[in-house]
Amino acid sequence: MSQVLFKGITVNTAGSLPAVGTKSPDFSLTAADLSQKSLSDFLGKKIVLNIFPSIDTGTCAMSVRTFNQKAASMDNTVVLCISKDLPFAQGRFCAAEGIENVVTLSEYKDNAFSEAYGVRFSDGPLQGLLSRAVVVLDESGKVVYTEQVAETTNEPDYEAAIASL
């Protein structure tokens, strides 16, 4: 279990992020077209997992916008924006914002991803949603960088995540 803050209040997550140097846990998440996507669908590319509570909040929306902008210039890299939002809400947001360089994925069906990655809030006002975190994987799915954002209302360290690629 990890502890983070939400508006200054201590909250807990269901576990800890995968350790750098380890194989990333597999996952099954729902894409915008309602298909299921797993880690194997993206292997062979560098992968940035941009994990957050809800695309309907300012900080989460900013992380999607920022990674979308940065992804446009990254070779052999895919950015996966992951939340519990329904795929329809993720799609509406991306369409309205002109976001085309990231892949949105939803964990609305079960908690398997957030349990495996240790990012599900286990208490507090956002209980059940995903904490703000970034996990970067190499082409083989090995974890090369992680950040569990200490204060959920803050943005992740984009530059550190990109530098790890």
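Trainee: Let's start with phenylalanine 27 and phenylalanine 113: are they buried or exposed?

Mentor: Phenylalanine 27 is buried, and phenylalanine 113 is too. Keep in mind that this is a predicted model.

Trainee: How do I read a pair of aromatic rings?

Mentor: You describe the pair by how far apart the centres are and by the angle between the planes. In this structure there are four aromatic pairs. Take phenylalanine 27 and phenylalanine 113: their ring centres are 5.8 Å apart and the planes sit at 85 degrees, so this pair is edge-to-face. The cut-off behind that label is an angle over 60 degrees.

Trainee: Which parts of the chain does that pair tie together?

Mentor: Phenylalanine 27 is in the loop between β2 (9-12) and β3 (28-31), while phenylalanine 113 belongs to helix α3, so the contact ties together parts 86 residues apart in sequence.

Trainee: And what about the rings of phenylalanine 113 and tyrosine 117?

Mentor: Those centres are 4.4 Å apart with the planes at 25 degrees, so the pair is stacked. Phenylalanine 113 and tyrosine 117 are four residues apart in helix α3, which puts about one helical turn between them. Both of these residues are buried.

Trainee: Now for charges. How many salt bridges does the structure hold?

Mentor: The general idea is that side chains of opposite charge can pair when their charged atoms come close. Here the structure has four salt bridges. One of them joins glutamate 159 to lysine 70, with the closest N and O atoms 2.8 Å apart. Glutamate 159 is in helix α4 (residues 158-163) and lysine 70 in helix α1 (residues 58-71), so the pair ties together parts 89 residues apart in sequence. Lysine 70 counts as partly exposed, at 22% relative accessibility.

Trainee: Where do lysine 84 and glutamate 107 lie?

Mentor: First, their side chains meet in a salt bridge at 3.2 Å, N to O. The pair links distant parts of the chain, 23 residues apart: lysine 84 is in the loop between β6 (77-83) and α2 (87-97), and glutamate 107 is in the loop between β7 and α3. Lysine 84 is buried at 18% relative accessible area, and glutamate 107 is buried at 2%.

Trainee: What are the closest N and O atoms doing in the salt bridge of glutamate 115 with arginine 120?

Mentor: They are 2.3 Å apart. Glutamate 115 is partly exposed, with a relative accessible area of 38%, whereas arginine 120 is buried at 17%. The line between those two labels is 20% relative accessible area.

Trainee: Last one, the surface. Which residues form a nonpolar patch there?

Mentor: Leu34, Leu86, Phe88 and Tyr108 do, and together they have about 370 Å² of accessible area. Look at tyrosine 108, in the loop between β7 (103-106) and α3 (112-117). Tyrosine 108 is partly exposed, with a relative accessible area of 35%.

Terms used: Residues are numbered from 1 along each chain as its sequence is written. This is a predicted model: local features need pLDDT of at least 70, side-chain atom pairs count only at pLDDT 80 or more; totals for chains, interfaces and linings use all residues. Side-chain values use heavy atoms; hydrogens and water are left out. Patches are made of residues with over 30% relative accessible area and no salt bridge: like charges are joined within 9 Å, nonpolar side chains (Val, Leu, Ile, Met, Phe, Trp, Tyr) within 5 Å. Accessible areas come from the Shrake-Rupley method with a 1.4 Å probe; for residues, only the protein chains shown count as cover. Helices (H or I, at least four residues) and strands (E, at least two) are DSSP runs, numbered from the N terminus. Buried means under 20% relative accessible area, exposed over 50%, partly exposed in between (1.4 Å probe, protein chains only). Rings of Phe, Tyr and Trp (its six-membered ring) pair if their centres lie within 6.5 Å; planes under 30 degrees apart count as stacked, over 60 as edge-to-face and the rest as tilted.
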